[in-house]
Amino acid sequence: MDNRIASYRTTDTLTMSQVDLIIKVYDGTIAQFATAISAYEKYDIANAIDHMDKARQALTHLYTTLDFEQGGDVAKNLGELYVFMINQTNLAAATGNREFIEKNVELMRNLREGWAGIRDSQPPAAQSAQPTTGLSTTA
């Protein structure tokens with residue numbers, strides 16, 4: 001059963017548009033932050049740190065897949081936001097201050113909303129194509 005689920009997830013991911021993949025990473029990052037907040041509330045520091053690390057890895061992935069040449073100012077601005085959020089994540093992990101995490105969640109939700117708006121404004125045929133987003137598809 002686990003192999004079938006893994007196969008489905010792989011197929012699902014491989015057939016997604018680039019924008020949908022970005023949204024999926026955002027959703028996962030937001031979920032990791034939410035789980036970290038919950039763990040901090042329960043004083044489960046080890047679990048909170050684990051989820052903060054997963055969120056940081058996702059943010060790092062988003063940053064390293066930016067194509068600054070093709071993406072221009074949009075990629076530059078996203079890069080600066082990702083670096084800011086990585087720093088906020090580090091501060092939250094070091095201090096246990098939920099405000100840093102909550103700010104990251106707010107930023108991620110706003111960015112996700114923007115990507116969803118881009119996706120929803122495209123005609124259905126274009127949604128399955130690989131749009132130019134300033135993100136590299138090779139990393």
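**Salt bridges, core and helix packing**

Asp27 is partly exposed, at 34% relative accessible area (buried means under 20%, exposed over 50% and partly exposed in between, with a 1.4 Å probe and protein chains only). The structure is a predicted model, so local features need pLDDT of at least 70 and side-chain atom pairs count only at pLDDT 80 or more, while totals for chains, interfaces and linings use all residues. Residues are numbered from 1 along each chain as its sequence is written, and side-chain values use heavy atoms, with hydrogens and water left out.

What does Asp27 pair with in a salt bridge? Its side chain meets that of Arg112, at 2.4 Å from N to O (a salt bridge is a side-chain nitrogen of Lys or Arg within 4 Å of a carboxyl oxygen of Asp or Glu). This pair ties together distant parts of the chain, with Asp27 in helix H2 and Arg112 in helix H5, 85 residues apart (helices are DSSP runs of H or I with at least four residues, strands are runs of E with at least two, and both are numbered from the N terminus). Arg112 is partly exposed too, at 24% relative accessibility.

The count of salt bridges comes to 8 by this rule. Another one joins Arg56 and Asp53 at 3.5 Å, N to O. Here both residues sit in helix H3, 3 residues apart, or about one turn of the helix. Asp53 is partly exposed, with 31% relative accessibility. Then there is the bridge between Asp120 and Arg119, at 3.0 Å from N to O. Asp120 is exposed at 52% relative accessible area, whereas Arg119 is buried at 18%. Shared partners join Asp20, Arg119 and Asp120 into one salt-bridge network.

Turning to the inside, the largest nonpolar core holds 29 residues, and Tyr26, Leu59, Tyr82 and Ile101 have the most contacts inside it (such a core is a set of buried Ala, Val, Leu, Ile, Met, Phe, Trp, Tyr and Cys residues joined through side-chain atoms within 4.5 Å). Two or more residues each come from H2 (18–41), H3 (45–64), H4 (68–95) and H5 (98–121). H2 gives the largest share, 10 residues. In soluble globular proteins, nonpolar side chains tend to be buried together. Leaving out residues up to four places away in sequence, Tyr82 touches Tyr26, Leu59, Leu62, Tyr63, Leu66 and Leu111 (contact means heavy atoms within 4.5 Å).

How do H2 and H3 pack, and at what angle do their axes cross? The axes come within 8 Å and cross at roughly 160° (axes are lines fitted to C-alpha atoms, for helices over the stretch in contact, and angles run from 0 to 180 degrees between N-to-C directions). That makes the two helices roughly antiparallel (over 145 degrees; under 35 counts as roughly parallel, 65 to 115 as roughly perpendicular and the rest as oblique). Residues of H2 that meet H3 include Val25, Tyr26, Thr29 and Phe33, and those of H3 that meet H2 include Met52, Ala55, Leu59 and Leu62.

The loop between H2 and H3 contains Tyr43, which has a positive phi, near 60°, despite not being glycine. Tyr43 is exposed, at 72% relative accessibility.

Finally, Ala93 lies in helix H4 and is partly exposed, at 23% relative accessible area. Ala93 is in contact with Tyr40, Ile49 and Met52, leaving aside neighbours within four places in sequence. Ala93 and Met52 are 41 residues apart in sequence, yet 6.7 Å apart in space, C-alpha to C-alpha.
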